Amino acid sequence: RYDASWQYRLSPSLHPEWGIASELNSAERISSDTEIVKANAEELIVKQLDQIEAQLFESKFLAGEQPSLADYYFVVMLGWGQVLSFNLFERYPAFAKFKARLKEASPRSESLQAL
């Protein structure tokens with residue numbers, strides 16, 4: 001049975017168009033003090049990333065030992081990390097290991113292998 005809870009957690013928080021991450025891309029539409037908006041948004045994103053990292057220390061993938069839709073969604077989100085003020089993979093080395101595990105689990109996915 002598929003557990004969609006991780007997928008639901010990722011969409012409203014980390015998506016760059018409608019999640020918290022959108023505040024990094026469009027801070028000026030919220031306030032003229034864009035640096036404060038960006039800092040607040042990044043703080044919330046870091047909290048989410050900390051939770052994801054903790055989960056990846058407990059299991060191979062977000063919802064267990066087999067990849068789920070949430071894992072494929074999250075690996076795409078990792079590519080959006082360049083909007084953060086820090087190097088995502090340096091701060092969260094577990095994410096690089098996760099990405100490698102997901103690629104290994106899906107060797108026939110050309111799109112995933114290209115990430």
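This is a predicted model: local features need pLDDT of at least 70, side-chain atom pairs count only at pLDDT 80 or more; totals for chains, interfaces and linings use all residues.

Residues are numbered from 1 along each chain as its sequence is written, and side-chain values use heavy atoms, with hydrogens and water left out.

The chain has seven helices and zero strands, where helices are DSSP runs (H or I) of at least four residues and strands are runs (E) of at least two, numbered from the N terminus. Of its 115 residues, 42% are buried, that is, under 20% relative accessible area with a 1.4 Å probe, protein chains only.

Phe61, Phe74, Phe86, Tyr92, Phe95 and Phe98 form one aromatic cluster, and the count comes to five aromatic pairs, rings of Phe, Tyr and Trp (its six-membered ring) being paired if their centres lie within 6.5 Å, with planes under 30 degrees apart counted as stacked, over 60 as edge-to-face and the rest as tilted. Phenylalanine 61 and phenylalanine 98 are edge-to-face because their ring centres lie 6.3 Å apart with the planes at 70 degrees; this pair joins the loop between H3 and helix H4 (69–78) to helix H6 (residues 93–105), across 37 residues. Phenylalanine 98, with a relative accessible area of 0%, is buried, and its ring also pairs with that of phenylalanine 74, at 5.6 Å and 50 degrees, so this pair is tilted.

Glutamate 53, in helix H3 (residues 34–58), is in contact (heavy atoms within 4.5 Å) with residues including Tyr92 and Phe95.

Methods. Buried means under 20% relative accessible area, exposed over 50%, partly exposed in between (1.4 Å probe, protein chains only). Lists of a residue's contacts leave out its neighbours within four places in sequence.
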